[in-house]
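Please keep the model open beside you as you read.

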Amino acid sequence: METFIFLIFAALAVASSLVVVMHRSPVYATMSLVVTLFSVAVLFVLLGAPFLGALQILIYAGAIVVLFLFVIMLLNLQKASAEADRRRGQLWVALPGALIFVGMVGLVFLRAWRAGAPPLQPLTADLVSLKGLAAALFSDYLLPFEIVGLLLLVAVIGATVAARRAPDAVAGSGPLPREDFVGAGDEPRKEARS
Amino acid sequence: MSEELVATLLKYAVMFGVFINVAPIMNWVERRACAYIQDRPGPNRVGPLGLFQPLADAAKFMLKEAVTPAAADKLLYLLAPVLALLPAFTTFVIVPFGPDLTVGGRTIPLVVAPVDTGVLLFLALSSLAVYSLVLAGYASNNKFSLLGGIRASAQLISYELALTLSVLAVLLPVNSFRLSDIVAYQQAHVWNFIPQILGFFVFLVASFAETNRLPFDLPEAESELIAGFHTEYSAMRFAAFFQAEYTNMAALAALGVTLFFGGWSLPGVHLTGWLGAIVGLVTLIAKIGICMAVFVWVRWTFPRFRYDQLMRLGWKVLLPLSILNLILVAAMTLAGWL
């Protein structure tokens, strides 16, 4: 039964992540990403880490990808622009990423095969439980945790600075004009969408 | 294993039976209550007091033509109503509806899915509800629908934060994600809304926004966006959105009464066995019913917020209040008052 569920969701994860990188429409790619994240969350649950699975859906599928979709719809990306971006420079970004991934996986196998090295320990159910994770995060890994928090703060400040208009443009502060929020729909979408 | 499966299926059938009937009943309640508030009779022709009006509406939904706009994105357009029903009929599996039942030497917890990550699972599944609104808005290829979809995504993300933080505060003194533990805690102490009145207030306001109900129904705002994300939907596809909206309201109400008003329990009542199970289920339904009445009452009483007011309320009032509530509850828990 568990193997059956694993096979379904592993296949789904692989297939949907292929759609994410191959599909031309940004909206379809984003929705496939949701399917990928959901399938990986199910794999987490099968591995005995329901907390990670729930967090994966809550944070990634439920919030971050919604923001992706929000931005895509707000920018009203057409197919053409997505196609133009595909050609330029994508390979040069993808290549180092793939190399890092292969290196990390290779390192794990290398350590497992080298004689004399301490054998790899599987994560215990205790460690991936809510209390185990919290204890590890706030004791052994406190410094990395705080640094990640700082990184997020920097990103928030950067986004605020980037979103701020020139001072003279916001001279008449007060309630923002409605156009700021509804402007995306003012331009009609091109009807030609197959 | 198979006995457990049968028990789970039976429990799901009970909860499904409760939650699927919410939409037709609320259809009648909403229209009659709205009419009463506006001092007019409302639908009173079909059956006694117009009680068979939902049946007539259902027949109409089934017989109407389902029109698909020519320029719509067919796949996503058909997927959106289905996605709307998915979280609506899965979130209630973690809500307990009675004390443990012993049948033939087995103890059966009266909750469909007694998982450790209970509340988190609810929040995770309900956070997926936004996709149906966004996709419906996008796939319809209609600018009013698109606006509704964009509004929905921004609104739901903003209010989910405050909602989650107010739920988190309830978990602090209980030290568990299980809703049955939270009910047990409230049976031993007082109902949570007394010590956590601030958190309850934040939860209440955020749940109106999360379910797209007036005064926060900006994604559909009929006076400015026609019907927003579901403008282009008709017949059973529209009915799916309608069903999902009311089922989501009921599921969120079930979470709310379980977190703040003792769930299926009543103070001073400690029944066990089948009687306890039935009383528990009826109590839970009654409490959900009171919440639904409040939803209706608020809808026909308050005017709609403007979009910038909605965003300001979410980020500048509710979020700080929910953080303040979290700090207060944490301090009270540390001091041993809770």
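This is a predicted model: local features need pLDDT of at least 70, side-chain atom pairs count only at pLDDT 80 or more; totals for chains, interfaces and linings use all residues.

Residues are numbered from 1 along each chain as its sequence is written, chains are lettered from A and ligands numbered from 1 in the order in which they are written, and side-chain values use heavy atoms, with hydrogens and water left out.

On a 1 Å grid over the protein atoms alone, a cavity is a set of points where a 1.4 Å probe fits but cannot get out; a pocket is an open set with protein on both sides within 12 Å along at least five of seven lines, and lining residues have an atom within 4 Å of a point. Grid points are joined across faces, edges and corners, and a volume is the space filled by probe spheres set on the points.

How many cavities of 30 Å³ or more does the whole structure hold? The search finds two.

| Space | Volume | Lining by class |
|---|---|---|
| Largest cavity | about 330 Å³ | 13 nonpolar, six polar and three charged residues |
| Second largest cavity | about 60 Å³ | seven nonpolar, two polar and one charged residues |
| Second largest pocket | about 2000 Å³ | 39 nonpolar, five polar and six charged residues |

The largest cavity contains about 330 Å³ of space. Its lining has 22 residues, and Ala129(B), Glu210(B), Thr211(B), Ala244(B) and Asn248(B) are the closest to the centre. Helices H5 (118-126), H6, H7 (143-174) and H11 (235-260) of chain B each supply at least two lining residues, and H11(B) gives the most, with six. Helices (H or I, at least four residues) are DSSP runs numbered from the N terminus.

The second largest pocket has a volume of about 2000 Å³. Among its 50 lining residues, those closest to the centre are Thr8(B), Val112(B), Ala113(B), Pro114(B) and Val115(B). Helix H1 (residues 2-20) of chain B provides the largest share of this lining, eleven residues.

Now for single residues. Ser132(B) sits in helix H6 (residues 130-139) of chain B. Is Ser132(B) buried or exposed? Ser132(B) counts as buried because its relative accessibility is 2%; buried means under 20% relative accessible area, exposed over 50%, and partly exposed in between (1.4 Å probe, protein chains only). Its side chain reaches the backbone oxygen of Ala129(B) at 3.0 Å. Leaving aside neighbours within four places in sequence, Ser132(B) is in contact (heavy atoms within 4.5 Å) with Ala80(B), Leu83(B), Ala84(B) and Phe241(B).

On chain A, Ser32(A) belongs to helix H2 (residues 26-46). Ser32(A) is also buried, since its relative accessibility is 11%. A polar atom of the Ser32(A) side chain lies 2.8 Å from the backbone oxygen of Tyr28(A).

Ala71(B) lies in the loop between helix H3 (53-63) and helix H4 (74-88) of chain B. With a relative accessible area of 27%, Ala71(B) is partly exposed.

Note on methods: A polar contact is a pair of N or O atoms within 3.5 Å; within protein, one must be able to donate a hydrogen and the other to accept it, and residues adjacent in sequence count only if both atoms are side-chain atoms. Ala, Val, Leu, Ile, Met, Phe, Trp, Tyr, Cys and Pro count as nonpolar, Asp, Glu, Lys and Arg as charged, and the others, Gly among them, as polar.
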